[in-house]
Amino acid sequence: MPYVITDACLDVMDRTCVAQCPVDCIQEGERMLYIDPDGCIDCGACEPVCPQEAIHLAAALPAELQHFEAVNAQFHTATDYGPAGPGRAAGVDHPVVAALPRR
Ligand code: SF4
């Protein structure tokens, strides 16, 4: 059961979680960070260090944030958006995130 980053990260991107993750499975979009559920080993190290309290165990997500489990996963499997890589110099946010108003 992976951990999930939610929209409390949006337009903040503190990145303390990235340094804590032992398996480097937290990747950047343009406006928020995303956890790869296939890489996450459920260690929980990222959750308490987030100053925004944006990180939740998937099973503990409040109902209004449950769609972020798919948002985090799809960010790592989509071909037309996702982390920086071949054909994409900078991370491109999931469409659900990209459509959220600026904070
Ligand atoms: Fe990385 Fe552990 Fe957080 Fe998963 S729970 S994203 S492995 S720090």
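**Around the ligand**

The ligand is surrounded by Tyr3, Cys21, Pro22, Val23, Cys25, Ile26, Ile35, Cys40, Ile41, Cys43, Gly44 and Cys46. Sort that shell by class and you get eleven nonpolar residues, one polar and no charged ones. Keep in mind that this is a predicted model.

**The nonpolar core**

- The largest nonpolar core has 28 residues, and Ile5, Ile26, Ile35 and Ile55 are the ones that touch the most other members.
- At least two residues of this core come from each of β1 (3–5), β3 (33–35) and α2 (67–77).
- As a rule, nonpolar side chains in soluble globular proteins tend to be buried together.
- Take Ile55 as an example: setting aside neighbours within four places in sequence, Ile55 is in contact with Tyr3, Val4, Ile5, Cys17, Ile35, Cys46, Glu47 and Cys50.
- Ile26 and Ile35 turn up in the list of residues around the ligand, and they are also among the core members with the most contacts to other members.

**Helix α2 and its buried side**

- Phe68, Val71, Asn72 and Phe75 are the buried residues to look for in α2.
- These residues sit on the same side of α2, because they cover an arc of only 95° around the axis.

**The aromatic pair**

- You'll find one aromatic pair in the structure.
- Tyr34 and Phe75 make up that pair, and their rings are stacked, with 3.7 Å centre to centre and 10° between the planes.
- Since Tyr34 lies in strand β3 and Phe75 in helix α2, the pair ties together parts that are 41 residues apart in sequence.
- Tyr34 is buried, with a relative accessible area of 0%, and Phe75 is buried with a relative accessible area of 0% too.

**Out at Pro101**

- Where is Pro101 found? Look in the segment after α3 (95–98).
- Is Pro101 buried or exposed? Pro101 counts as exposed, because its relative accessible area is 62% and the cut-off for exposed is over 50%.
- Not counting residues up to four places away in sequence, Pro101 touches Leu10, Asp11 and Arg31.
- Pro101 and Leu10 are 91 residues apart along the chain, with 9.5 Å separating their C-alpha atoms.

Notes: Residues are numbered from 1 along each chain as its sequence is written. This is a predicted model: local features need pLDDT of at least 70, side-chain atom pairs count only at pLDDT 80 or more; totals for chains, interfaces and linings use all residues. Side-chain values use heavy atoms; hydrogens and water are left out. A nonpolar core is a set of buried Ala, Val, Leu, Ile, Met, Phe, Trp, Tyr and Cys residues joined through side-chain atoms within 4.5 Å. Buried means under 20% relative accessible area, exposed over 50%, partly exposed in between (1.4 Å probe, protein chains only). Helices (H or I, at least four residues) and strands (E, at least two) are DSSP runs, numbered from the N terminus. Contact means heavy atoms within 4.5 Å. A residue is near a molecule or strand if one of its heavy atoms lies within 4 Å of it. Ala, Val, Leu, Ile, Met, Phe, Trp, Tyr, Cys and Pro count as nonpolar, Asp, Glu, Lys and Arg as charged, and the others, Gly among them, as polar. The arc is that of the directions from the helix axis to the C-beta atoms. Rings of Phe, Tyr and Trp (its six-membered ring) pair if their centres lie within 6.5 Å; planes under 30 degrees apart count as stacked, over 60 as edge-to-face and the rest as tilted.
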